[in-house]
Structures are given as structure tokens and as C-alpha cells.
Amino acid sequence: MKIELTVNGVARTLELPPLLRLLDVLRGPLGLTGTKEGCGEGECGTCAVLLDGEPVNACLVPIGQCDGRAVVTVEGLAVDGAPGALGRAMAEHGGAQCGICTPGMMISAEALLVARPAPSAGEVRHALGGTLCRCTGYERIVDSVLRAAAERRGAGEVGP
Amino acid sequence: MSSSEVRREHVGRSVGRVDGAAKVTGRALYVDDLPARPGELHGAAVRSPVARGLLRSIELDPAFDWSDVTVVRAEDVPDNVVALLVDDQPVLARTRVNHAYEPVVLLACADRGKLERAVAAVRLELEPEPAVLELEAALAAETVISGPDNVQSRYLITKGAADVEAEDRVAASRAAIERALAGCEVVVSGRYSCHHQEHLYLEPNGMVAWWDADGLHATGSIQCPYYVQKGLCRGLRLPAERVHVTQAVTGGGFGGKEEYPTMLALHAALLAQKSGRPVRMVYGRREDIEATTKRHPAVCEVTTGCDRDGTLRVLSLRALYDAGAYVTLTPVVLSRGVLHAGGVYAWRDARIEGLSLATNTPPSGAFRGFGAPQTLWAIERHVDRVARELGRDPAELKRQNLLRVGDSTPTGQVLRGSVGLAECVTAALEASGYRDKRAAPPRVVGRKARGIGCSVVLHGAGFTGSGERRLQGKVAVDLRPGGRLCIRTASTDIGQGTETVFAQIVADAAGVGLADVDFATPCTTHVPDSGPTVASRTVMVVGSIVERAAQKVAARVRAEQAAAGGSFAAAGDRLLAREGAVSALEQYEPPGWVAWDDARYKGDAYPAFAFACDVAEVEVDLDTFEVRVVGFWCAADVGRAVNPVMCKGQLEGGALQAIGWALTEEVVWRDGRILNPRLTNYIVPTALDAPPFETFLVEAPFEHGPGGGAKGIGELPMDGGAPAVAAAIEHATGLVLDGLPLTPERLLAASLARGEVKP
Amino acid sequence: MSVADLARYELAVPRALPEACQLLAARVASGEPTLLCAGGTDLLVELGMAPPLGAGARPPLCVDLSRLPELGGVERVDRDGPRIRIGAGVSYLALGRHALVEGALPLLARMSHDIGGPTIQARGTLGGNLATGSPAADGVAALAAHDATVVLTSVRGERRVPFAGFQTGYKRSVRQADEIITAFELEPLAPGSPWCWRKVGARQAQAISKVAFAAVAELEGGRARRFGAAMASMAPVTATLPATRALVLGTPLAGLDGEALDRAVAADTSPIDDIRSTRAYRAHAARALARGFLRELGAAV
Ligand SMILES: Cc1cc2nc3c(=O)[nH]c(=O)nc-3n(C[C@H](O)[C@H](O)[C@H](O)COP(=O)(O)OP(=O)(O)OC[C@H]3O[C@@H](n4cnc5c(N)ncnc54)[C@H](O)[C@@H]3O)c2cc1C
Ligand code: FES
Ligand code: FES
């Protein structure tokens, strides 16, 4: 099936079996291995990407449903390859340890921050509720997201 | 130059992760992100469906096209042993299987779909035999699967009155401790149990193996590259110089990537050898949960004697650990269990006995805490029980009996210093408002009751006893062009921050900037064997030699600078031009006073202990018995926090694993098989379940620790969470639970047993 | 696990409901196996767990429902009184945010926030929840408490099935193979009326209900003039609690007896032991949740 979509702002045309998981298409033909697979069942959230701005589990999205739509992955949250405010906060304030959940955490956080630039800690926890982390205890992820939100408000930075 | 003279610009500061940018931009390459090598195949294992049985035959469906499938069986393995402590575990089962999911046949194929069908086309003819599936059954020994009585390893620690010389020390010390107990004013007994725990690192185990002119290469998600190398050398009968093991960026380990990757590397290497192609094996979540190790279930029987005023005197404790089907690392785990069984208390007389028993379950293995959480769960719950009997507040009773400098542990180790225990207790109790919350009756609002509880724990840093001396961990620091320093160590960063913390230590020791320090990819061909990344030893033990090596290299450069001027970089480049290579290789030597008697289990078990006091506050729904941890306070004596934010992150992450173990994580078994090998039903906490953490760092420096006194803290936070939560539930509801996990279903059952439930 | 097999499936992407119905009718008539995919949150998990397809086997055709405008939208309609029509393809995320739902069907909005986590909410749909037919389905319990009408469409036209007549057994229903669930019609709850959504799972997010309790009530003169309730994970199908409803509707609230309520709940449910919980726990929690809501309504139970 022919699928036209944009990935991190770049228009792509793909000819692929339509039930392939978006996750496998990103990690395989598109070479975007920042999106991870922790379970393949929608439970861990390490595969989260933005699909038309909403965070979804790329392991549960058939690529055929992505035709005409826009996908943003963790790579797409970087600014010229360098971390943005959210990435910097995660790296500097303990939000990332082993880092395997970090792409999913950042995608879920990004969706939140676009919708609510000044979230409460409770709102951050709700937004991250679908992404598991086994390393941090979440405290410093929440802290990192709140710091990034503050910095983005200050700098007027907006997400991609 | 002694460490106290070092100027500290980086140590003690919460610098960002040096590997942070790669991780937050998606650039970091974990094993499954590595590009496929030309001709690469996928590998899979065919596993036993039964817990115990004789393997009669292996039949490959003749109707299936096997032409492009590589098949490896036991007879293809040059030396069919997974090299660990004892040679009992085969790489592939040959004549019998001893646990469900035991690997029997390996397959590789380029087409993943075909590989799955091939797995289904292998028929194992197995004749099931009676299996031993639980500790109780192993102890009863009606079915014997190991030795004469299923007992696989045994330890005995005796102190004071129990420390008797006799032919039969086991019996004589038992009689002696019973006499000591009989002489006590208050004697209390209890039995405490705990269950399997799955590591659930979010990146499953994975490995890629290939062969070339240099020999065998294996790259994967691993904690201990040299363990993997040792296993590959043995299983494939190769010399070490032909085996090159490299760590890929690793998505969490917690002990689950300590011994298991050796097995996985052997599987991938065997398939690669037979097929002549690179082979990738990355487990899906289900296989990872089913086939890999878990925390040892344990039962501890405890009897203590104390004075009426609460002074703890006598401890008798027997710990039974479920080893699973093979020895793997169990004796070492059990050792750490018994060495921590006395908890943070100064016992006059102690007898601690530990037994590990074989069962037909997948081998239990290394898991953060390494045996200590089980006995600390028991002793902390038990001291809570003593407090109840005495009508005392448990935290006060604990405080009254804390180990102090000069006191000795059950092995007779006299604590020489770096004991910030009392400070931890004070800090955690005060920050949590423990006393006020405890003084009033539990707060009940509507159908929700709140309660608060505390635990106090310790954790020995480094290998036990003579372990570090035997291990002789090494690191190197090299001078590189431009005045850069490169750390070469086999201590891996699996998320806990080794690369960053080591860079901080080196930057200070050498007086250079953080950006001038590199961390070499851990590969057995290029880095020295620093010993495994386990046992809370990375910062304290390995970090101390990293510090020394950096000092030595920097001293050479500074001398050159003093002699001929120029910047550090210019002087370094001159040295390099002159000598070709400038490097310092350092080997760890424990402090001279560390003395350990392995035969009698006496002496200095660990050069230093880290300590912590955990306070948990819970809210229990009195209708549904759902438990939410609404606050968690931890004060930990870490010696010296090299990176406070990362240190707190370790403590909080460990505490949440402990909370998960306490409340929701449960491996459910039937006939030796796991009924819930999925994330939907093996329940780890989400961001909404995690309490807000307040974490306090107490610094009672350890004189031999790097950075001015750091101690190992990787495992400490796993120790105290469960007993603190159980104590809080008890405070909220009056329900006393001595077995983990504390699920709503069990709370309801306990409440029904007390005849008090009404909706 | 057969994620690898996904490469062998075809996807049909109808752009309008009639086209989808025709395609489905043709497939059913020729006996060819067909799958439907809305948000994919049940379907892809199921396909991933399915045993590998045989080498020569032809996988079923998958029909994408996500592009059918007829399955979208939340609006007021009139069917013998005011109703709110919710498209079967509306995601939980959209549902939870929708002003009309928040105002007139607050239980549904609240339930939507309790599904999985945000990433599941962004994709999962009520249509998929009902079609999968799991007794643990939260959305279905919420629909059942409102006595929703299920709207089914096929080449034969549209038909309306009251919820009580929809499920016929474990994962079985009156839906014909060629029918698409297009919408649900729910009676709005009178403003300010009491309602209850209580999900008991093993954790606060990403949890499948051990028990969930959904209930709405409209009160008048010390009695319930409307009382709808349902439970998830308490029976082979979503439990619609007929005895409990009859008891509550037939008794002045002040006179309601706790023991009688317990008996009604017990008669309405048949919980089991499974991997997520125990029969005893479920029975206890169900009684407690029912009593809790009735206490809110003013009953002394
Ligand atoms: C991690 C995770 C967490 C979850 N948490 C919850 C939870 O908390 N509560 C809960 O109830 N469920 C939960 N689920 C299950 C699932 O998300 C829901 O059942 C969801 O509503 C399914 O909707 P969908 O659109 O994704 O269905 P799909 O997967 O697209 O479809 C499921 C089935 O329904 C059929 N179908 C779909 N739409 C229609 C239609 N309009 N007409 C006819 N047939 C149709 C399909 O043929 C398919 O067989 C969870 C799932 C996951 C993976
Ligand atoms: S891999 Fe998609 S949610 Fe776990
Ligand atoms: S940082 Fe390791 S799982 Fe989150």
C-alpha cells in the first residue's frame, strides 16, 4: 500500500504492507531508532510518538492508518540535532537514567506542554501515566518536565 | 596526594548526565538499535513446556522446510556449561529439563515470520517427572531434585553466646541460642515470607554475536562484559583473546543483566558459529519475563529476646531461599542475605542460619539488593512486632537499638566509622512528621484510612569479605591528545550514571574540566577487568581506583608542565609525543584492616555500609483495600554524594521498585509456569502510583571512598521500602501482614480472618 | 508471537460507511475472514499474540474504520426524547474532553480518563470496546449504566438494539458479522444528578478493572426515578444488575436495607478467580461499591 505521511516534518512516501506497525516502520526503513519497544502491547509507552499531535503507542498503530498524517518522534523533538528545553531538563535534572523510557516520556510530556504550557505536578503525572519507568521513581521526570515548562514559558519556545 | 587535598569542583555537584544528550535525542544506540550486520539472522530458543522431565527426543517436523534454518542442539555445544559458580547449568538441555522455559534447541533464520513457524515445528518429546515447585516442598524433600535433601548451600553466622566451638556447630549453636533466648525477659517469634520479583528493566535482554578473523564478537545489553566473556570462553572453548564482548547502551539491569546475558550470548554465538552469519537475539517481553532470572523468594523464621525496656539482646534467624533449578549465583545471594539479617541493630548474641533450596523453577538470580531485601524485610517486620508486644512505637524502639561506631555486627565486624544511622532516622522521622502522625489514631476520612510506618536498613558496599581481594578489579586512565583523559573500565553505565560520576571523579582528581574526560565503550578487548557492575561497588570500589589512576596521569602531566611550561594540554601532548602512550593502570586493594574468615563467616564483611531510614505514608481504602503510598521520605547515609541529583534518583528509583515489590508485583505460577508474563498483569507502578519522594542525603564519609568518602548506594533503596509500607498499612488498618505482596486481596483475607470486614 | 505476520495482511480503507458496509457484506457472503480496525488497541494486541500463520495461509482482510465520518461526532439528537449520540469511533480522549459529554454524561467523561493511559485514550474507541466484548470493558459498563442504545449498520440498513439485549454471552452479541457498530444513543443525566464511576484496578493507570462500578441516578421525593447501574469484570458479560436496579427503583431510599442490597448484587453477579483478582475480593468490592453509592443517594446502608 502506498502511504504518504510526514515524519518529523519531512514528507515521505512509502510503499509498505499496511498492517506493519508504525513502530517497525520508524525503526526499520526510516532508521529512527529513538522510538523503543518495551512490550509491543501498548503497556509500557516507550514507543510513544505524536500522531497528528496526539501521543499514541506506535506498537499499536498500523502504518496504513498513517496515510496523510503527521508523525513526530523523539528525534523530531531535537532542535538541529541538539536537545531542546525538555531534553536538556531530562538530561540535567535526573529525568533520564538508563534512558530507554526517555523518548516515550518526552513525547507524552511534549503533548502535554503544547496543550498546557503551565501544568501542575499532578497533570504531569497523568500525562505520563501510560509510560513506565523502572529507574527513576518518576519524581525527577516530573521535576524535569516542570522545569522544561517553566523554561519554555520564559523563552517563549514552542514545540515542533 | 591524598584525596582530602583534592580541590572539588565537580564532585558534590549535580552535573547533567554526560550521556544525556544522546539519550534525549534518540541517538543513543541500544542493542536493538544497532544496524543489522550483512547477512544477519534472527535467533530463537525452543524451550521446555514442563517444569521437570526427561528429554526423550527432539523432532523437526519433516513437512517443514528447514533449508534456511540453522538448528543448534546440546550436542553442538563444545562445552555445555554456563560458567558461573558451579557447573550445573547447561547451555542447552541434553537429557532432561529442570525448569519450565529451559532452552533445548536454538534456531536462526533471516525471516522472522519463518523463524516463528520453525519454533512451532520443533517437537520436544518430554516425559514429565514430579517437580518441586515451592520452598516448603523442597524442604519437605519428598521429591529430591538436588543432593540428598534439596539443600544447595548453607551458611551459619554465630556471635556471643551462640559462638560455640563444637563438632556439630549447627546443633550446638542452636542449643546455645535457645539458652540465651530463655534468659531474656521478652521473647518474640515470627515468620516472614517474600516472593519472586521480576526486574522489568524496560529494555529486554538482547545480544548480537558474530565471528570474524579475530574470533567471536558479542555486543549486547549487559552489566558485566567480563562475565559474558568468561562464559563464552568456557562454552565455546575459546581463549580470552579470541572473545570480544562489548556493552551496547543498556536500558536498565538491576541485576537482571548480571548473569543472564552469558546464557543469551552463548545462544547467539552458537547460532552464529553454526550458520556462519551474525545472529541477533532480542527477547520480547514475554520471553524475557518467562526465561530470565527473578528475585529469590524467601521465608525467614525469627525469634528474638530483649529486655522489658526494649533493649534488643538475642537474635535467632533462619532464612530459606528458593534458588530455582540451578545454582547460578544463589550462594552469593544467600550470603548477602544472612550478612544483612541482623539489620541495623546491635545484637549481643546472634545465630543466623541460611539455606538455599533447589526447586524446578527458573533459576533465581541477582536482583538489586542481592538477598538483603528478604532478610531485612523479615527483621524489620519482626522488630515492628516486638514493638507491638512491648507497646512501644516501632521507630523509637529501632532508634534505641541502632548500631553505633564501636558496636559489632553478627559477624563480629566492629564498625570503625562512617555510621550516619542516627542522623538518617532523625532526618526521615522529622521530615515526614512521623511522630505526630503516629501519636494520634490513624486519620480516617470517609472510607479512607491513613497510616505511617518506618524502616531502618543498611547495605554493605562492595563484594563480601575477601571477594574484592580475590577480584583484583582494575581500571586505566589514559592521556589523550589535547590534554584529554579517557577512562577505561569494565564498570558499565546501565542507567545509574557510572559515566557521569566517574567523569566527575576524574575531573577533580586530575584538575581538568568535565568536558575533557571521555569514557571508553566497555569492551573486553579494550578495557581492563574492573570486576562486575554489581554489589554497590562501582562508585566506592572502582571509583576509588579511577580517582587514583587519574591522579597519577595528571601528576605526570603537571610534572611536565612544571618542567617545561605550557598548558595542561600542551604538556600532555609533549609527553605523548615523547612516550607514545601515557596511562595509569590501577588495581583495587581493600583497606588493610579488612579481615575476613570465610570458613567461619567472621570478620569485616564489607569495608563500609550505607544506611537509610525510610518512612512511608499510605492511604488504605477500607472498602476495597486498595493501598496508595501518598508520601515517601528517605534519608540515606551515602558517605559522600558525588552527584546529589543522580544519587537521589537512584534512591527514589530503588524505593519505587521496593514499593512495587511490596504492593503489586507478583509472579503467578502454575505447574512451574508463569501465568502473567506480560506488562498488563505483572504490575509495576506508574507515575500515578508513585508517591512524591522526599529524599535526604546524609554524608558520613568513608575514609577510603572516592570523592572525599563516597559509599555504594545502588542497592540500599531496595531494602527498606517493603517493611515501611507494611508498617504503614498496619498503622492505618491494624492488619498485620508478614508475607509479601500486600495486595488488596490479601488485605481483605486478613481482615476477614479477623472477622471485621463489613462493606 | 506473530508480529512478523503483520507484513502479510492487506488493509482496505473505505472512506464512507456505505462503502464499508458493502465491502463487509461481500466478504461475509463469500465466507472470507475479515477483521475490523478502529483504534487498533485491542486488535493489534490480539494479532501480536496469535499463533504464527501457516506458511501458505492467507490472512484475513483488515478493514479500516478510522476514516468513516459516520463513526465520529458527539451530538444531541431526538429519539422519543433527548438523546446524545456518540459515534462508535470517537476516541476516549475526544470523549473525555467533549463539553457535551462532560455536561450531560459526566460518568462517561470520567470513565474515559480511567482507560489505560493517555496514549491508549488517544486511540481506543467505544465501538472497539463493545465489539471486543471483554467483560472487563470499562466503556461498556458505562454504556450499560446509561441503558445506551447500540446503533448497528449494514447493507440491510440501520437497527437499534437496547443495551440489555446486545450481549448474549462471553464475547458474544447480537451483532451480525456484516454489521458495523456506528453509534450509541444515551439519555442525558439531569443536571446535578448523582452518578458514580469507580474503577478498581491493580494500579492507577494502565489497569484492567478487577471490578468497575458505573451508576447514574435521578432522585425525586426520596426515591430514585431513574437508576441505571452496571459492573465490569463481575460476570461473563457486562453485569447490568437487574435485581439491584429493581430493588433500588422499587424502594424508598430511606427504607433500603443493606443486606437486601448485598443479596441483589450477589444475585446479579457471578465473579470468578483469575489472574487479576479473586472471586471473594470481587464479590466484596462489588457490595462495598454499591453500598457506597447508595449511601450517597441517602440510603442508610
Ligand atoms: C495498554 C492498554 C490498556 C487498556 N486499558 C483499558 C481500560 O482501562 N479499560 C478498557 O475497557 N479497555 C482497555 N483496553 C482495551 C482497549 O483499549 C479498549 O477495548 C478499546 O476501547 C478498544 O477500542 P479500539 O478502537 O482500539 O478497538 P480495535 O482494536 O480497533 O478493535 C477491537 C475489536 O473491535 C472491533 N471493532 C472496532 N470498532 C468496531 C465497530 N465500530 N463496529 C464493529 N466492530 C468494531 C474490531 O473488529 C476488533 O475486533 C486497553 C488496551 C491496552 C492495549
Ligand atoms: S512497546 Fe508500545 S507500549 Fe510498549
Ligand atoms: S530511565 Fe530507565 S526506564 Fe526510565
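**Reading an interface and a sheet**

The side chains of B:Asp32 and A:Arg27 meet in a salt bridge, at 3.6 Å from N to O.

Reader: Happy to start there! How many salt bridges are there across the interface of chain B and chain A?

Author: This is a predicted model, so read each contact as part of a prediction. The rule finds 6 salt bridges across that interface. There are also 26 residue pairs in polar contact between chain B and chain A, counting pairs with both residues at pLDDT 80 or more.

Reader: Which helix gives the most to the side of chain B that touches chain A?

Author: That is H17(B), with 8 residues. On that side of chain B, the residues divide into 23 nonpolar, 17 polar and 12 charged.

Reader: And how much area do chain B and chain A bury between them?

Author: About 3,600 Å², with 57% of it on carbon and sulfur atoms. In chain B, the residues that lose the most area to chain A are B:Val24, B:Leu202 and B:Ala687, together 20% of what that side buries.

Reader: Now the sheet, please. What is the strand order in the open sheet of 5 strands in chain B?

Author: Here is the general idea: strands of a sheet pair through backbone hydrogen bonds, either parallel or antiparallel. In this case the order is E16-E17-E24-E25-E28, and the pairing is mixed. E16 and E28 of chain B are the edge strands, each pairing on one side only.

Reader: How do E25 and E28 of chain B run, parallel or antiparallel?

Author: They run parallel, joined by 6 bridges. For example, B:Ala635 has B:Phe696 in E28(B) as its bridge partner. H17(B) lies across E25 and E28 of chain B, at about 125 degrees to E28(B).

Definitions and conventions: Residues are numbered from 1 along each chain as its sequence is written. Chains are lettered from A and ligands numbered from 1 in the order in which they are written. This is a predicted model: local features need pLDDT of at least 70, side-chain atom pairs count only at pLDDT 80 or more; totals for chains, interfaces and linings use all residues. Side-chain values use heavy atoms; hydrogens and water are left out. Buried area is the accessible area (1.4 Å probe) that two parts lose on being put together, summed over both. A salt bridge is a side-chain nitrogen of Lys or Arg within 4 Å of a carboxyl oxygen of Asp or Glu. A polar contact is a pair of N or O atoms within 3.5 Å; within protein, one must be able to donate a hydrogen and the other to accept it, and residues adjacent in sequence count only if both atoms are side-chain atoms. Helices (H or I, at least four residues) and strands (E, at least two) are DSSP runs, numbered from the N terminus. Ala, Val, Leu, Ile, Met, Phe, Trp, Tyr, Cys and Pro count as nonpolar, Asp, Glu, Lys and Arg as charged, and the others, Gly among them, as polar. Two strands pair if DSSP finds at least two bridges between them. Contact means heavy atoms within 4.5 Å. Axes are lines fitted to C-alpha atoms, for helices over the stretch in contact, and angles run from 0 to 180 degrees between N-to-C directions.
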